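Hi,

Here is the structure I promised to pass on. Have a look at it first, and my notes follow below.

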Amino acid sequence: MTDTNRDELSPLIFHSSSIPNTPDNRTSFQRKLSVWLILISAGLERLAFYSLAGNLVIFLTSENIHWTPLHSVTASFIFLGTSYISAIIFAWISDGKLGRAKTIIIGFLLYIIGYVFISLFSDNDQYGLYSTFCGTMNVTRTDTLEFFQEQCIPQILSTLVFTAIGVGAVQANMAVFGAEQVREQKATTQYFDKYYAAVNIGGLIAFAFIAYGQQNDSYFIGYVIPAALLIIALVFFLIGYRFCIHVQPYDSVISNLIPVFINAFQTWRKHRRNLQISKNNRRQNSSTKLLDTPTEYSDQFSLTTSEQSWSFLDYAKVGNNGRFSDRIVNDIKSLRRIIVVFLLLIPYWLLYFQIETTFLVQGVHMKVMKFFRTDQGIHYMPVIWLSLGDQMIIIVAIFFLNTFVYKRLEASGRSISIRSRITFGMISATIAMCLAGTVEIYRQKLCDSQPTISQIIGKTNYTAADMSIFYQFPQYIGIGLSEVFASVASLEFAYLAAPRSAQSLIMSLRFCSAGLSSFFGSFYIGIFVKIKEDLAFENSSCKAAYEPDLFYVYFFVLGCFQFIFILIFLACDRKFKLLKVSKQRFNTRLFIAPQSRSSTA
């Protein structure tokens, strides 16, 4: 596990000097200022994102909206899925059209507009905002409603999708745009360390303070504050705009993808036709006449001698009578392995997103710690606070690995391969699902054998088993460790495997695989609903009235599904060398060559 994987040291990407480098004439202060302003913007943006995504399921089931838990989980999956899949569209826009900075600004504007409308839906009609957009608030709920029959769903769902599109534009470009501001490999390493820390600090603040205010005071205030911070993030980004390097948009891989395939097919068809003509001539003419065969035929014939070592897309290269340069074709060829890797990560992301969906539904039906008493009554610990453990594990583990483990391995000439880290992360997520399923079994048994308790969370009454919510903590730890290894390693792979013309695209493909997993999560929930037509899980019930075992089977099926894909992932990497990256850019730490010595961030 600690030996450098030779499969990951062979070149995957063919870089070319034909793409002009952007000169950096800034002072040291301007360079550092641009990076720190980007990091602050990224941290505030993630704070706003987690303030919305973290408590979204609880918010939709609260007295503000009155949706069923299953439909709330589905809406959360749609929001998360759209935010990640839309990233690929904005990656194409930034790589080939507008550039990263302008795309980020557009994303911020969409993001802010959507966030403002979400705040309006959350006022519980205290200021008459909800009734203005949704009509009279219905305080009763029917659990047999179809998803698209939920109260105010056209307005709420379209707002969530609109906001998610803005999220996708920002997150597809922010990390890469920041990396473009630094030139040295050591500085790039430090930037990604700091970027990941900024993202998780934003998450910590959102879960620790914003979520508490949303659950115990007001969702309206709990969404207005992040909306204001999102505006501040845009202001910081605009201040840093003049100090940043702006790499001009070049040819995007997405723009060239279909034309390259078409031209490769045309050239291949012409080659096959000429080859057939050459064979017919050889049958009809003597060997002497064969030497008089037109040059284009002999060229095409010689081409077939090495055809087995070719890719179909090589027919589009100029040297093979195609229309595209070697760099463009090689950039597109590099996408094949990358796409396969990210497709194989879809089950992992599906498990990862349970921390923001079903873990919360399970948690509100367990005994939540009473935080303190005030004149307004009892305040309960926000259910999302268990995610703080996840965030802390990520920050501490990354610091420990980068400060001690990776440095010692590097000093001895060894490393932990990307494959090993991704595999370990997926195994950790699988164990987390098994733990969640086990907790659900015991929780349901206590619902039957022990008196239930009633607790008010987010001004909504929940019936819970007399079982502490801290029994969920091990499954949160499992997901946190999986993120330290699988998520960070996939981010590293996305950066290392990215050709110049597709840096945002490759990052967005990683997000896209996560987005697809969210939509698969919605589909997976739908399957369980179809299995049992009356399947429902009311807030006022400790467990489902019909087929309650489906709720713990849900977690075990996810774990088994991930385990199968671990085996598929390892088999595919062994056979097709999916995780090949450039030797000059590979290291166990993020984005630093093995020969370089790491410096503290």
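Two strands count as paired here if DSSP finds at least two bridges between them. Keep in mind that this is a predicted model.

E4 and strand E5 (residues 460-468) run antiparallel and are joined by 5 bridges.

How many disulfides does a search of the whole structure find? The search turns up 2. One of them joins Cys447 to Cys542, with an S to S distance of 1.9 Å. The torsion about this S-S bond is about -60°, so the disulfide is left-handed. Cys447 sits in helix H17 (residues 418-449), while Cys542 is in the loop between helix H19 (503-531) and helix H20 (550-576), so the pair ties together parts that are 95 residues apart in sequence. Are these two cysteines buried or exposed? Cys447 counts as buried at 11% relative accessibility, and Cys542 is buried too, at 8%.

The other disulfide is formed by Cys134 and Cys152, whose sulfur atoms are 1.7 Å apart. Its S-S torsion is about -50°, so this disulfide is left-handed as well. Here Cys134 belongs to helix H5 (residues 129-134) and Cys152 to the loop between H5 and helix H6 (153-171), so the parts tied together are 18 residues apart in sequence. Cys134 is buried with a relative accessible area of 17%, and Cys152 is buried with 9%. Counting the bonded cysteines of the chain in sequence order, the pairing reads 1-2, 3-4. Cys560, on the other hand, is in no disulfide; the nearest cysteine sulfur belongs to Cys434 and is 6.7 Å away.

Next, the charged pairs. Asp314 forms a salt bridge with Lys333, with the closest N and O atoms 3.1 Å apart. Asp314 is in the loop between helix H12 (295-303) and helix H13 (326-344) and Lys333 is in H13, so the pair ties together parts 19 residues apart in sequence. Both of these residues, Asp314 and Lys333, are buried. Asp331 pairs with Arg327 in another salt bridge, the closest N and O atoms being 3.0 Å apart. Those two are 4 residues apart in helix H13, which means about one helical turn separates them. Shared partners also join Asp314, Lys317 and Lys333 into one salt-bridge network. Elsewhere, the side chains of Arg46 and Glu45 meet in a salt bridge at 2.8 Å, N to O. Arg46 counts as buried at 7% relative accessibility, and Glu45 does at 4%.

Last, the nonpolar packing. The largest nonpolar core has 168 residues, and those touching the most other members are Phe49, Phe79, Phe108, Met174, Tyr191, Phe342 and Ile506. Helix H8 (residues 185-216) gives the most to this core, with 12 residues. As for Ile506, leaving out residues up to four places away in sequence, it touches Leu335, Ile338, Phe342, Ala494, Ala498 and Pro499.

Cheers

Technical notes
Residues numbered from 1 in each chain as written. Predicted model: local features only at pLDDT ≥ 70, side-chain atom pairs only at ≥ 80, totals over all residues. Heavy atoms only, no water. Disulfide = S-S within 2.5 Å. Buried < 20%, exposed > 50% of the residue type's maximum accessible area, 1.4 Å probe, protein only. Core = buried A, V, L, I, M, F, W, Y, C linked by side-chain atoms within 4.5 Å. Contact = heavy atoms within 4.5 Å. Salt bridge = Lys/Arg side-chain N within 4 Å of Asp/Glu carboxyl O.
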